[in-house]
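Here is a short tour of one protein chain. Keep the 3D view open and follow along.

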Amino acid sequence: MASPEIEALTQALSRLPGLGPRSARRAVLHLIKKRETALVPLLAALERVSERLSTCSTCGNVDTSDPCAVCSDPRRDARALCVVEEVADLWALERSRLFPGRFHVLGGRLSALEGVRPEDLAIEGLVARIAKGGIDEVVLAMNATLEGQTTAHYLAERIEGYPVRVTQLAHGLPVGGELDYLDEGTLAQALRARRPVA
């Protein structure tokens, strides 16, 4: 039996994605066993992130600075804008290192069943960024789900009056798949084969 504090740590870890009670217990035991090399640096890193965590006011990315590292990078192509549902999708595309432009995080996707309406997402911010000018292409990188494709079509209609080329990821993505779970090769192919929205 562990102390209440260790048990609380185990329960907190078990609520993280991909960790159940057994995996959390193993992680806690490892942290205890490797206190100086694992537990102490982890605590310090968590504290630093907790103190500095912010949401980018430009794109909606989560980072320790505002604007985020992507938005403040002068090497990024400001003429290309990739729209994603969630921060996890942005990070997945960044891992591929194939998209040279900037991003916009919607904060979800349209869903009648879940009651998510256009005003619940960062769509007005997206339209405002496009309306300012300087953007030539908008890539709609929505997940290959019914809600994701509905969101893509809605966005395409909202921005069709602006002088931008609207593309979306190729349909090589698995139906029902989510960007965060795809490998870099699949993401690379999807980005290379993007096409105009019909």
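In what order do the elements of the chain run from the N terminus on? They go α-α-α-β-β-β-α-β-α-β-α-β-α-β. That comes to seven helices and seven strands. Keep in mind that this is a predicted model. The C-alpha trace spans about 65 × 35 × 35 Å along its principal axes.

**Helix pairs**

Two packed helices are described by the angle between their axes and the distance between the axes.

| Helix pair | Axes come within | Crossing angle |
|---|---|---|
| Helix 2 (residues 21-33) and helix 3 (residues 35-52) | 6 Å | roughly 110° |
| Helix 4 and helix 7 (residues 184-192) | 9 Å | roughly 90° |
| Helix 5 (residues 123-131) and helix 6 (residues 146-159) | 11 Å | roughly 40° |

Start with helix 2 and helix 3, whose axes cross at roughly 110°. That angle makes helix 2 roughly perpendicular to helix 3. Helix 2 brings His30, Leu31, Ile32 and Lys33 to the contact, and helix 3 brings Arg35, Ala38, Leu39 and Leu42. By class, five of these residues are nonpolar, one is polar and two are charged.

Now turn to helix 4 and helix 7. Their axes cross at roughly 90°. The two helices are therefore roughly perpendicular to each other. Which residues of helix 4 and helix 7 meet? On the helix 4 side they are Ala92, Leu93, Arg95 and Ser96. On the helix 7 side they are Glu184, Leu187 and Leu191. This contact has four nonpolar residues, one polar residue and two charged residues.

Next come helix 5 and helix 6. Here the axes cross at roughly 40°. So helix 5 is oblique to helix 6. The crossing is right-handed. From helix 5, Ile123, Glu124, Leu126, Val127 and Ile130 take part in the contact. They meet Tyr154, Leu155, Arg158 and Ile159 of helix 6. Seven of the contact residues are nonpolar, none is polar and two are charged.

**Two backbone details**

Most residues other than glycine have a negative phi, and most peptide bonds are trans.

Where is Pro67? Pro67 sits in the loop between strand 2 (62-63) and strand 3 (77-84).

The other place is Arg97. Arg97 lies in the loop between helix 4 (87-96) and strand 4 (101-105).

**The largest pocket**

What is the volume of the largest pocket? The value is about 190 Å³. Its lining includes Glu85, Glu86, Ala88 and Asp89. Gly108, Arg109, Glu114 and Val116 also line the pocket. Asn143, Glu178, Asp180 and Tyr181 are lining residues too. How many of the lining residues are nonpolar, polar and charged? Three are nonpolar, two are polar and seven are charged.

Note on methods: Residues are numbered from 1 along each chain as its sequence is written. This is a predicted model: local features need pLDDT of at least 70, side-chain atom pairs count only at pLDDT 80 or more; totals for chains, interfaces and linings use all residues. Side-chain values use heavy atoms; hydrogens and water are left out. On a 1 Å grid over the protein atoms alone, a cavity is a set of points where a 1.4 Å probe fits but cannot get out, and a pocket is an open set with protein on both sides within 12 Å along at least five of seven lines; lining residues have an atom within 4 Å of a point. Grid points are joined across faces, edges and corners, and a volume is the space filled by probe spheres set on the points. Ala, Val, Leu, Ile, Met, Phe, Trp, Tyr, Cys and Pro count as nonpolar, Asp, Glu, Lys and Arg as charged, and the others, Gly among them, as polar. Axes are lines fitted to C-alpha atoms, for helices over the stretch in contact, and angles run from 0 to 180 degrees between N-to-C directions. Helices (H or I, at least four residues) and strands (E, at least two) are DSSP runs, numbered from the N terminus. Angles under 35 degrees count as roughly parallel, over 145 as roughly antiparallel, 65 to 115 as roughly perpendicular and the rest as oblique. A crossing is left-handed if the near helix is turned anticlockwise from the far one by less than a right angle, and right-handed if clockwise. Contact means heavy atoms within 4.5 Å.
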